[in-house]
Amino acid sequence: MRLVFFSIFLCLLSSVNALHFYLDANQKRCFIEELPTDTVVEGHYRAQEWSEQLQKYADNPELGIVIEVQEEPSGHVVVKTTGPLDGKFTFTSHEAGDHSICLSTNYTSWFSHTHIRLYLDIVVGSTKPDVEQDRSHVSELASKVRDLNQKLEDIRREQQYQREREEDYRDLSEATNARAVWYSVAQIVVLVVTCAWQLRHLKNFFEDRKMR
């Protein structure tokens, strides 16, 4: 029973984002997802087009959805494809950081007034193994252990990513503090030199007046 409860707890750690939104035919909607390295992301979408005849959102076989995924740090395009009105997409992050997931329609006319309702589910985490293929080779308990190992590996990557971010922030803070200290020292040196120059100038001025 403890193993079952632990399995359920680890399964809840995967990030799942589900939402629906509206857009025009010539619009593009983007979402930012922060991912560690080597993380598998699976998305499922379903689009419906407003029908004036039916006065409701309905399926249109001619409607296609363009999916584009880009790694923000490098600008590398991971996915760029056009799918049907109901489909899925999967990609693996090669760099740690923000990833933009953009969706638009295959309509190219800028004068189109078609309205689209788009449902989107995004699951962040390793994909499950092909259970049907491995059913003859491993037992049910071994399959559960493998799932647990995959979840633990996801947690380890996330922790490593957070440690790398903390190190970057610490280095940036130390560099900023060092620059602030040197700036203060430079101000003090400038003030001392200025005061010495003024005192010397005043001394020479009074000596000249006294000689006269």
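Contact is taken here to mean heavy atoms within 4.5 Å. The structure is a predicted model, in which local features need pLDDT of at least 70 and side-chain atom pairs count only at pLDDT 80 or more, while totals for chains, interfaces and linings use all residues. Residues are numbered from 1 along each chain as its sequence is written, and side-chain values use heavy atoms, with hydrogens and water left out.

Confidence comes first. The pLDDT, the predictor's confidence in each residue on a scale from 0 to 100, has a mean of 80 over the protein chain, and 82% of the residues reach 70 or more. Helices (H or I, at least four residues) and strands (E, at least two) are DSSP runs numbered from the N terminus. The pLDDT is below 50 over residues 1–14, a stretch with twelve contacts in the model beyond near neighbours in sequence.

A nonpolar core is a set of buried Ala, Val, Leu, Ile, Met, Phe, Trp, Tyr and Cys residues joined through side-chain atoms within 4.5 Å; buried means under 20% relative accessible area, exposed over 50%, and partly exposed in between (1.4 Å probe, protein chains only). The largest such core has 20 residues, of which Tyr45, Ile67, Phe91, Leu103 and Leu118 touch the most other members. At least two core residues come from each of strands E1 (15–24), E3 (40–51), E5, E7 (86–92), E8 (97–105) and E9 (115–124), and E9 gives the largest share, five residues. Leaving out residues up to four places away in sequence, Phe91 touches Leu35, Thr39, Val40, Val41, Val69, Val78, Val79, His99 and Ile101.

Strand E3 also holds Gln48, which counts as buried because its relative accessibility is 9%. Beyond its neighbours within four places in sequence, Gln48 is in contact with Tyr57, Ala58, Asp59, Leu63, His115, Ile116, Arg117 and Tyr119.

Most residues other than glycine have a negative phi. Asp38, in the loop between strand E2 (28–35) and E3, has a positive phi of about 60°; Gln55, in the loop between E3 and strand E4 (56–58), likewise has a positive phi of about 60°. Asp38 counts as partly exposed because its relative accessibility is 44%, and Gln55 is partly exposed at 48%.

Finally, UniProt (unreviewed entry) places a "transmembrane region" at residues 180–202; such annotations may be inferred rather than shown by experiment. In the model this span is 100% helix and 0% strand, with its end C-alpha atoms 33 Å apart.
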